[in-house]
Amino acid sequence: MPEDVRKDFLEASLVSIYSSKAAAALLRLSLQKLCKHLGQPGKNINEDIRALAKEEGFSQRLVKAADTVRIIGNNAVHPGEMNDEDIDDVCHGLFQLVNLIVSTAITEPKKWNDLYDKAPESKRLAAEKQDAS
C-alpha cells in the first residue's frame, strides 16, 4: 500500500472504534489517493473509478468495491444519507475492500512482474516479440 494511503488507512483503523463515520470518510480519502497512485488525476474520485474500470486488469468487481467505499464514505459525512447503524455495519467491510483493491491492483501485478523478470531476458524478449505478432 502506498505510504500516503497507508497513513489514512491506519488512522481510519484507529478512529473506527470511536466513529464509523470518521473511519468511512478516511477510507474514502484513502481510495481517492489510491486512484491517483493507479494513474488517475485524483481530482474526482467517481471519474477516476470509471477510468480505472476501462483499464485492463481492473475488473468490474474492483469497480464495485471502489464504488462501495466511495459511496459509503461520501454518505457517512452527509446528514440523512445513511443512518449510523448502517455505517457501523459496513465500516469493517470497507477496510477489506480497500485492502482488496490494493492487493489486486498493486500487490498481485508486482508479484507477477517480479516473477516474470526472473525468467532469462532473451527468452522473455522472444516471447514478447511473438506475442506482439
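**Reading the helices**

Mentor: Begin with confidence: pLDDT is the predictor's confidence in each residue, from 0 to 100. The protein chain has a mean pLDDT of 85, and 90% of its residues reach 70 or more. This is a predicted model, in which local features need pLDDT of at least 70 and side-chain atom pairs count only at pLDDT 80 or more, while totals for chains, interfaces and linings use all residues. Residues are numbered from 1 along each chain as its sequence is written, and side-chain values use heavy atoms, with hydrogens and water left out.

Trainee: What span does α2 reach from its first C-alpha to its last?

Mentor: The expected span of a helix is 1.5 Å times one less than its number of residues. Helix α2 (residues 20–37) has 18 residues and reaches 25 Å, close to the 26 Å expected. Just after α2, glycine 39 takes a positive phi of about 100°.

Trainee: Which residues of α2 are buried?

Mentor: Buried means under 20% relative accessible area, exposed over 50%, and partly exposed in between (1.4 Å probe, protein chains only). The buried residues of α2 include Ala23, Leu27, Ser30, Leu31 and Leu34. Serine 30 has a relative accessible area of 0%, so this residue is buried. In contrast, α6 is hardly covered, with one buried residue among its 12.

Trainee: What does serine 30 touch, not counting residues up to four places away in sequence?

Mentor: Contact means heavy atoms within 4.5 Å. By that rule serine 30 touches Val5, Asp8 and Phe9.

Trainee: At what angle do α2 and α3 pack?

Mentor: Two packed helices are described by the angle between their axes and the distance between the axes. Axes are lines fitted to C-alpha atoms, for helices over the stretch in contact, and angles run from 0 to 180 degrees between N-to-C directions. Here α2 and helix α3 (residues 45–53) pack at about 50°, with their axes 10 Å apart. The contact is made by Arg28, Leu31, Gln32 and Cys35 of α2 and by Ile45, Asp48, Ile49 and Leu52 of α3.

Trainee: Is leucine 52 buried or exposed?

Mentor: Leucine 52 is at 2% relative accessibility, so this residue counts as buried.

Note on methods:
Helices (H or I, at least four residues) and strands (E, at least two) are DSSP runs, numbered from the N terminus.
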